[in-house]
Amino acid sequence: MNPKLIISAGMPRAGSGWYYNLVHDLVVASGGQNTRSIREQFRLRRFLTEVNCNISTLKSYRLFPVLFPALLGNKFVIKTHARPTTSTRWLLRTQRIKTIYIFRDPRAAMLSAFEYGRQTLKTGRPNAFTHLETLESAAEFIDFYVDIWAAWSIMEGVLIVRYEDFVANFGIESERLAEYLCLDIDQGKAEQVFEQYRPEQGGPGRIGTHFSKGEPERFRRVFTPSQLEGFTKMFEPALQRMGYVE
């Protein structure tokens, strides 16, 4: 089967918005549909929210209405931070969907979440990170998503992507993504999309990349020695499984 619905999942503050936009534009360039158009055409606003058409849970009562346009032949991409469900496992096993999951060193993700929350609080534009008043609360917040990463990482058929690898080896990782998606796309069009989303094209205010700082290990300069030791110990089992060797 050639799945029509692609789920771009990821850890918050791990380049998930950047990755979603890249995958979305590749699908559109191959003849797929703009997900915002699908959302309007099939009246899916209650299921797909925010600018990136985010689905808050992958439980069947939300996922299957979104799957319906795909069953009619529309190829499109949705974004989520949610954990896999029985429904997603069945859809993957039966090759009715494709799923990509991007993650990041949780110490970097928690720092990014904390700083972004403080920044948006000052501008009067609260978001999902505004309530993170301390680094400790940010660590607890990201720890919840580390569990979600663990659930995705053991699922067969999911393309698992490490943010740091995608930044450092964009060309290689882009080829791996293109191979996984199996899109019927002109090489020239594909290169145009990849060029638009190269890490060096990103930066604050750059539409589509969602970069703020974007530096993989900036936390090592920001945390005090005791904070670095404490947060490393907190995430140590996951850090080892994720491949972050001290």
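Biologist: Which residues are buried in helix α9 (residues 187-196)?

Modeller: This is a predicted model, in which local features need pLDDT of at least 70, side-chain atom pairs count only at pLDDT 80 or more, and totals for chains, interfaces and linings use all residues. Residues are numbered from 1 along each chain as its sequence is written, and side-chain values use heavy atoms, with hydrogens and water left out. In α9, the buried residues are Ala190, Val193 and Phe194, where buried means under 20% relative accessible area, exposed over 50%, and partly exposed in between, with a 1.4 Å probe and protein chains only. Helices are DSSP runs of H or I with at least four residues, and strands are runs of E with at least two, numbered from the N terminus.

Biologist: What covers the buried residues of α9?

Modeller: The cover includes α1 and α8.

Biologist: How do the axes of α1 and α8 cross?

Modeller: Two packed helices are described by the angle between their axes and the distance between the axes. The axes of α1 (residues 16-29) and α8 (residues 170-181) come within 12 Å and cross at roughly 50°, and the two helices are therefore oblique to each other. Angles under 35 degrees count as roughly parallel, over 145 as roughly antiparallel, 65 to 115 as roughly perpendicular and the rest as oblique, with axes fitted to C-alpha atoms over the stretch in contact and angles running from 0 to 180 degrees between N-to-C directions.

Biologist: Which residues of α1 and α8 meet?

Modeller: With contact taken as heavy atoms within 4.5 Å, Trp18, Tyr19, Leu22, Val23 and Leu26 in α1 meet Phe170, Leu177 and Leu181 in α8. These residues divide into eight nonpolar, no polar and no charged, where Ala, Val, Leu, Ile, Met, Phe, Trp, Tyr, Cys and Pro count as nonpolar, Asp, Glu, Lys and Arg as charged, and the others, Gly among them, as polar.

Biologist: Is Arg43 buried or exposed?

Modeller: At 74% relative accessibility, Arg43 counts as exposed, and Arg43 lies in the loop between α2 (35-41) and α3 (60-71). The phi of Arg43 is near 55°, a positive value in a residue other than glycine.
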